[in-house]
Amino acid sequence: MELKRRFRHLVLQVFAPGKLLHYKYQTFKELLAHDQKSLELLTELEEIWHTGLAVDWARVASLSQSLCYSIRCLIDSVMEMNPRVYEALENRFQQVAASIREIISLPPAASDPPYIIDLAAATSTAELAGGKAQSLSRIIQHTKLPVPRGFVVTTHAFQLFLDHNQLRPRLDELLAQIRLDDTGRLEELSQALASLIKQAEIPPVVAAAISQKLQESEAESLTGPWVVRSSAYGEDGERTWAGQYTSVLNVLSTEVLEAYKAVIAGKYTPRALAYRIRSGLADQEVPMAALFLEMVEAAVSGVIYTAEPRPSNAETCLAVYAIPDRCERLVDGSTVPEVHYLSREPQSRLVESLASPFCRLDTREEVGTCLSPETAILLARWGMELEKLAGRPQDIEWVQDKTGNLFILQSRALASPPASSPALNQGEAVALDHLLLLAEGVTASPGVGIGQVFIVRQVEELRRVPEAAILVGSTLPPAFASIIDRLRAVVADGGSRASHFASVAREYGLPVIVETLKATECLSPGQIVTVDANHCRVYQGEVESLKTHPAKSSPAAETRFMVRLRQLMEFISPLRLTDPEAADFVPQSCRSMHDFVRFCHEKGMSEMFSLIGRRGRGLSQARRLDTELPLVMYVLDLEDGIAPQASHNKSVEPRFITCKPMQAFWEGLSHPDVVWQQGLIHLDWEEFDRVSGGLISLRSAALASYALVSKDYLHLNLRFGYHFAVTDTLCGYNPEANYIAFRFKGGGGNYANRLLRVQFIQSILEWAGFAVKTQGDLLDARFERHAARPMLSRLTLLGLLQGKTRLLDMALTSTDQVIAWTKDFKERYAQYILPNN
């Protein structure tokens, strides 16, 4: 390939320099297209890094792979332009690309046997059995507490399932499209992901292993029905995953394979996807095992919290929550339970029972108490035994069958609020100057939240919940977790501290009040309220005195996602090659993908100009623009862009440029209102260089701007130091073909200041009729399908705008300044967008 490239270049150089110029120009246009694509991909990755945009790791990996491919094409283009010079560029790129591949790649998952293990054998095999099964196995091994019999279909079986059906590439393709700020799209992708699982075939070896285990169970008088529960790796560990995955109840032995697929498909529900992504985990890092347990016909069920504040005096007790029938109605927030508070002693004693009638929120059906004091005391003693075994407070699910036998179904670490959340026993702050709207309920998660009320009646309405909302509902379903980053507080008619969503809310420090019985009646949609979950009060308006106790919006621990992303961005984002004339502006100095983009762009321009100047051969010569403005620009005449009388001059004055788009743009750039500091000699360049990270003198030819011109076409790359602006435009007789494409990125200011400048440019261009898109400090704008006159007036406005904003990122520091500058600009230059223009 390299020899062929060199031979073609040599033949054209010797025998057909005109064709070589044309070939190089076409290659240069391809280079610019790859340059543009690379910057778009780079900007997407920078947006994730700088803004904390919640996406799946598959998206980062996909963007990184696409960026490497785009820059590979960019390098090919510059090497086509001069094969002899840039051989080292390929080798250096491969080194950096290898580092990126190493970071974005996750360790391969094992898919070898065993595919089935007994529950009792799962104690030391969390990577095989998952967190939930490991916890139950530990209880079996180290206590005499009753646990239902069962077995585990391992994470290796799950990986074999993916391998057998070749699902990983397709899963990653869908996962890469997820953005948690687009709830509707998340639901669509969730359905597509789950469908892949449900339509796939269980590997015959796994199906046979499950069948054999069922036969062995039947020999031990365990014939079903079964409950099939999730047991993902890491579940019930440092993160609770409370209510995020799927369980299937009353499964007959003939139905276990479909139930198994339903459980592993539960990895991809919207709430499970959102929870995992916010936890900073890749899909491959939470392989799914399935826990098969004998089904217990529940008479009473509930949850034990081994360390729980007692509402009457905030004393730390052990709490036993109970409802009749199965526990699902408790943990999904649809039922208000009875609660028994007991002392935290090996021989627990009953302290208080809140056994007033509870009700199902969906039917308002009231029923009596269901748990005897003796049973509550026994459960409390079991709870303290399990806390001692685990070494920390526990959240325990239990069930009592119709014959009175008790079983432990699950035990995990008890979720607690972040350390920065306000304590429940802090002095009550009463807002006497604000109307008290609600003073009922129980604190499920402490804190203070201020926002606009959104009342949700159906789970499907969650996609319409706005940012900074106070979510109000009759129940507290786990699905609320899928939009937790949009919420400032939750207030529910029902629910309980023992619900799954309450556990997740405490992890995130989100204020939650439950058991109000009338929140949906007392609060109105759109109302601005202050929720004081510490004292179960909701006030009208914003209570300033409570703003000092805001809730924490997300877990503080740095995630694996952020650790990997930080490592990755070191090879993606930093721009170290800032001076094309420096001795170290060489391929070996490229240490990031941004460096490669800069190097190829600069060398591509250099190749164009160096070819044109050789002995005058080729299409034309590149001529320096002879202007009083303190910038260096070269003009390349493609066809009829420069007057014939200036065709033999080494430089060209603006008055000899016949390119209509260039004339219009120059009118704006040289406008009297644009203040130029001649040669920039009055600035402290040493200090400015330190601030901007490598700004080079605009007198440098290697850092020149350039214009490719014809009668009605202009491609202008205008550079003021550390940012660039590209204008590509056609202004001819056919309005349907006319367009202005404008791209702007970079600057010497910090990231926040660069965003302010982009905000200002965006507001002006949108006012002028451009369609504008921004992402980070990258701006793209288009104005098209207009007659030549309005096209040219917009080019004048664009030149004026660039002249007046070239150092604006160093000056703008606030949105108020942007608003003021925008207002002034519009008033001064409205004539450029009048209808007759």
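This is a predicted model: local features need pLDDT of at least 70, side-chain atom pairs count only at pLDDT 80 or more; totals for chains, interfaces and linings use all residues.
Let me begin with the sheet: five strands form an open sheet in the order β1-β2-β5-β3-β4, with antiparallel pairing. Strands here are DSSP runs of E of at least two residues, and helices are runs of H or I of at least four residues, both numbered from the N terminus. Two strands pair if DSSP finds at least two bridges between them. The edge strands, each pairing on one side only, are β1 (116-118) and β4 (247-251). Direction ignored, neighbouring strands of this sheet are turned by 25° against each other on average.

Residues are numbered from 1 along each chain as its sequence is written, and side-chain values use heavy atoms, with hydrogens and water left out.

Helix α9 (residues 204-219) lies across β1, β2 and β3 (226-232), at about 175° to β2. Axes are lines fitted to C-alpha atoms, for helices over the stretch in contact, and angles run from 0 to 180 degrees between N-to-C directions.

I turn now to a helix pair. The axes of α7 (residues 168-175) and α8 (residues 183-199) come within 10 Å and cross at roughly 170°. That makes α7 roughly antiparallel to α8, a term for angles over 145 degrees. From α7, Arg-170, Leu-171, Leu-174 and Leu-175 meet Leu-189, Ala-192, Leu-193 and Leu-196 of α8, where contact means heavy atoms within 4.5 Å. The contact residues comprise seven nonpolar, no polar and one charged; Ala, Val, Leu, Ile, Met, Phe, Trp, Tyr, Cys and Pro count as nonpolar, Asp, Glu, Lys and Arg as charged, and the others, Gly among them, as polar.

Next, strand β8 (residues 338-342). Five of its five residues are buried, so β8 is largely enclosed by the rest of the structure; buried means under 20% relative accessible area, with a 1.4 Å probe and protein chains only. Glu-338, His-340 and Leu-342 point one way from β8, and Val-339 and Tyr-341 the other way. Strand β7 (residues 316-324) runs antiparallel to β8, joined by five bridges, and Ala-322 has Glu-338 as its bridge partner. Four bridges pair β8 with β9 (residues 350-354), also in the antiparallel sense, and Val-339 stands opposite Leu-354 in β9.

Finally, in helix α21 (residues 788-805), 14 of the 18 residues are buried.

Methods. Angles under 35 degrees count as roughly parallel, over 145 as roughly antiparallel, 65 to 115 as roughly perpendicular and the rest as oblique. Buried means under 20% relative accessible area, exposed over 50%, partly exposed in between (1.4 Å probe, protein chains only).
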